[in-house]
Amino acid sequence: MARTPDPDAGMRAVTRVRGVREQDSRLGLARAAADEREAVRRLDAVVALLAATPDPRDADPASYGAARHVAAAVAADVTASRAALTSATTFTAMAREHWQLDRTRLSAVELLLERREERRRAERQRRERVEVDDLVSARWLRARSEGTPR
């Protein structure tokens with residue numbers, strides 16, 4: 001028995017590919033968002049560490065120098081953590097845009113498939129109505145010809 005080929009086989013393949021891309025970009029966005037949350041956590045921890053450093057005013061000169069050195073290192077960590085957070089935020093925004101683009105492309109293909117199926121369904125219904133009209137007309141003609149004398 002011969003099977004009729006699927007007229008949308010190619011579009012379904014495109015849908016599968018676009019679906020995989022959308023899923024990959026969604027996972028990338030989730031990873032980027034997790035990295036951004038981690039960058040925020042690290043920055044908060046370093047800022048808290050800087051706030052917790054003791055005030056070296058009442059210390060001897062050696063302690064003062066060491067405390068200033070520690071405070072400078074923590075301040076450098078704060079600067080690096082802020083830069084990392086800025087980078088992570090930018091990367092998350094880019095990942096979100098990429099995912100939205102992939103999602104839009106997938107939606108477009110799915111919408112096209114739905115519309116094509118809708119058109120085929122409407123055409124099928126139109127053909128069925130024509131066939132039913134033909135059958136009813138033939139029956140009416142047969143009934144009319146049987147009911148009238150020859």
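Reader: What should I know about the model before I start?

Author: The model is predicted: local features need pLDDT of at least 70, side-chain atom pairs count only at pLDDT 80 or more, and totals for chains, interfaces and linings use all residues. Residues are numbered from 1 along each chain as its sequence is written, and side-chain values use heavy atoms, with hydrogens and water left out.

Reader: What happens at the start of α2?

Author: A polar contact is a pair of N or O atoms within 3.5 Å; within protein, one must be able to donate a hydrogen and the other to accept it, and residues adjacent in sequence count only if both atoms are side-chain atoms. Here a side-chain oxygen of Asp60 comes within 2.8 Å of the backbone nitrogen of Ser63.

Reader: Which residues of α2 are buried?

Author: Buried means under 20% relative accessible area, exposed over 50%, and partly exposed in between (1.4 Å probe, protein chains only). An α-helix has 3.6 residues a turn, so residues three or four places apart point the same way. The buried residues of α2 include Val74, Val78, Ser81, Leu85 and Ala88. What covers the buried residues of α2 includes α1.

Reader: Which residues make up the largest nonpolar core?

Author: A nonpolar core is a set of buried Ala, Val, Leu, Ile, Met, Phe, Trp, Tyr and Cys residues joined through side-chain atoms within 4.5 Å. The largest one has 7 residues: Ala39, Leu43, Val46, Val74, Val78, Leu85 and Ala88. Both α1 (9-52) and α2 (61-147) supply at least two residues each, and α2 gives the most, with 4 residues.

Reader: What do Ser81 and Thr92 touch?

Author: Contact means heavy atoms within 4.5 Å. Ser81 lies in α2 and is buried, at 12% relative accessible area. Leaving aside neighbours within four places in sequence, Ser81 is in contact with Arg42, Leu43 and Val46. Thr92, also placed in α2, is buried at 2%. Not counting residues up to four places away in sequence, Thr92 touches Leu29, Ala32, Ala33 and Glu36.
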